[in-house]
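Colleague: I would like to go through this model with you before our meeting. Could we take it topic by topic?

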Amino acid sequence: MLRIHFEDRDLARVQIAAEPDPLWETVLAMHQLVPPGRGVPVFGPWRARARSELDERGLIPAARLIAALAPAHAPYFPDFLTPDAARDGLAAGLAALRDTPPGRLVAETARAGLPARLPRWTGALAAGSRRPLDELAAALRDVHRAVIAPDWTEAASTVDSDRGARARTLCRDGVDRLLDAYRPALRWEPPVLHVDYPHDRDLRLQGRGLRLIPSHFCWRRPIALADPGLPPVLVHPVEHTASWAPATTRGRHPQALCTLLGRTRARILAALDAPATTGELARRLRVSAPSASEHVSALREANLARSRRDGGCVIHALTPLGTALLHGELAPAGGAVPQRRPPGLTAVPGSSALRLPGSGPAPRRSGPAAAGR
């Protein structure tokens, strides 16, 4: 159990990350790729494409380097892999990684047991060489470009959906209700936030606040940094719907939808597989709010989308007809639209059982699986 201790001033400094963190996503994505044969079913289509892409680009060694530094089931992996500066983008994060102080590098690699796995790499670090960091930054950059960036819009939409729901709770009901809404992975018993974690530890915020980072590739349990002196963050899983997957795996005829509806309207239709406000749609798809509103109105008039007011927000979602159109499912002769599972529930291949979001394998900082940072 991880216990995060809040003071009154910490409650005023709770933040929700505006978008996915590129380095967290790259590192956690490797837990779904390495070693082969493991991984959460919901990432299956992405995993197959990613492995093929890495192989074609000759990036298997780069992926293995990242995985060796941050093994999926290790009790710890170095905090320097996911610097706070990455909130400003991949380039800023990689620059901060390259500037990691030598003393910190040696301490964190030793704590992670890396000398046993990467003796030459860590030996060069201990000798004061910066070359290993340059190699690592290049590996993270190239792997991100190859297998994370191509699906960034779809992955970001899953994160934005989660963030939007949390932000609405925060605006409507305040921080207390926001923290309480993370159950069952988190349990808010003021002034302590209890986190389901693979080992026992306490984190005292001491007025620094807490940055909540919704993550596409985080799975099962939230993850915190191990060093209590670093800016406090809590990376947590989000629910996944069909809309996050690469376009070729979503509908049966994605190009036909673009031809029928127009490219932007088809993207709006796909994005609405996860309910969203107009502003959230605009941010996800990088269009103006008036444009998003116009396309939603057109879909609503065609009975493909519907809107409802929730407090001060208007939430848009697909109708059964819109869902059937998006997923290529025709209504049976009786007129009933095929039933779909509620967002966030994923089928386990080969089984009729449903798996709740976050019930798959492993955490981290502490690697997403075994222990905790």
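Colleague: To begin, how many salt bridges does a search of the whole structure find?

Modeller: The search finds 18 salt bridges. Please keep in mind that this is a predicted model.

Colleague: Which side chain does Arg57 meet in a salt bridge?

Modeller: Arg57 meets the side chain of Glu53, with N to O at 2.8 Å.

Colleague: Are those two residues buried or exposed, or something in between?

Modeller: They fall into separate classes. Arg57 has a relative accessible area of 46% and is therefore partly exposed. Glu53 has 19% relative accessibility, and the limit for buried is under 20%, so Glu53 counts as buried.

Colleague: What about Arg98, and which residue does it form a salt bridge with?

Modeller: Its partner is Asp134, and the closest N and O atoms of this pair are 3.9 Å apart. Arg98 is partly exposed at 31% relative accessible area, and Asp134 is partly exposed at 41%.

Colleague: Where do Arg166 and Asp162 lie?

Modeller: Both lie in helix α10 (residues 152–173), four residues apart, which is about one turn of the helix.

Colleague: Which residues are linked in a network of salt bridges?

Modeller: Arg3, Asp200 and Asp202 are linked in such a network.

Colleague: Let us change topic to the sheet. In what order do the four strands of the open sheet come?

Modeller: The order is β2-β6-β8-β7, and the pairing is mixed. At the edges are β2 (14–16) and β7 (223–224), each of which pairs on one side only.

Colleague: In what sense do β7 and β8 pair?

Modeller: They pair in the antiparallel sense over two bridges, with β8 spanning residues 233–237. Ile223 stands opposite Val235 in β8.

Colleague: And which helix packs on the sheet?

Modeller: Helix α2 (residues 22–30) packs on the sheet and touches β6 (210–215), β7 and β8. The direction of α2 makes about 50° with that of β6.

Colleague: What does Leu234 touch?

Modeller: Leaving aside residues up to four places away in sequence, Leu234 touches a set of residues that includes Leu2, Ile4, Leu186, Leu193, Val195, Leu210 and Ile223.

Colleague: Where does Leu281 lie, by the way?

Modeller: Leu281 lies in helix α14 (residues 278–285). Its relative accessibility is 0%, so Leu281 counts as buried. Beyond residues up to four places away in sequence, Leu281 touches Ile268, Ala271, Leu272, Ala276, Ala292, Val296 and His316. Leu281 and Ile268 are 13 residues apart in sequence and 7.3 Å apart in space, C-alpha to C-alpha.

Colleague: One more topic. How many aromatic pairs does the structure hold?

Modeller: There are four aromatic pairs. In one of them, Trp46 and Phe217 have ring centres 4.6 Å apart and planes at 55°, so this pair is tilted. Trp46 is in helix α3 (residues 44–56) and Phe217 is in the loop between β6 and β7, so to speak a link between distant parts of the chain, 171 residues apart.

Colleague: Are Trp46 and Phe217 buried or exposed?

Modeller: Both are buried. Ring pairs also link Phe43, Trp46, Phe217 and Trp219 into a cluster.

Colleague: Finally, how many helices and strands does the protein have?

Modeller: The protein has 16 helices and twelve strands. Buried residues make up 51% of its 373 residues.

Methods. Residues are numbered from 1 along each chain as its sequence is written. This is a predicted model: local features need pLDDT of at least 70, side-chain atom pairs count only at pLDDT 80 or more; totals for chains, interfaces and linings use all residues. Side-chain values use heavy atoms; hydrogens and water are left out. Two strands pair if DSSP finds at least two bridges between them. Contact means heavy atoms within 4.5 Å. Axes are lines fitted to C-alpha atoms, for helices over the stretch in contact, and angles run from 0 to 180 degrees between N-to-C directions. A salt bridge is a side-chain nitrogen of Lys or Arg within 4 Å of a carboxyl oxygen of Asp or Glu. Buried means under 20% relative accessible area, exposed over 50%, partly exposed in between (1.4 Å probe, protein chains only). Rings of Phe, Tyr and Trp (its six-membered ring) pair if their centres lie within 6.5 Å; planes under 30 degrees apart count as stacked, over 60 as edge-to-face and the rest as tilted.
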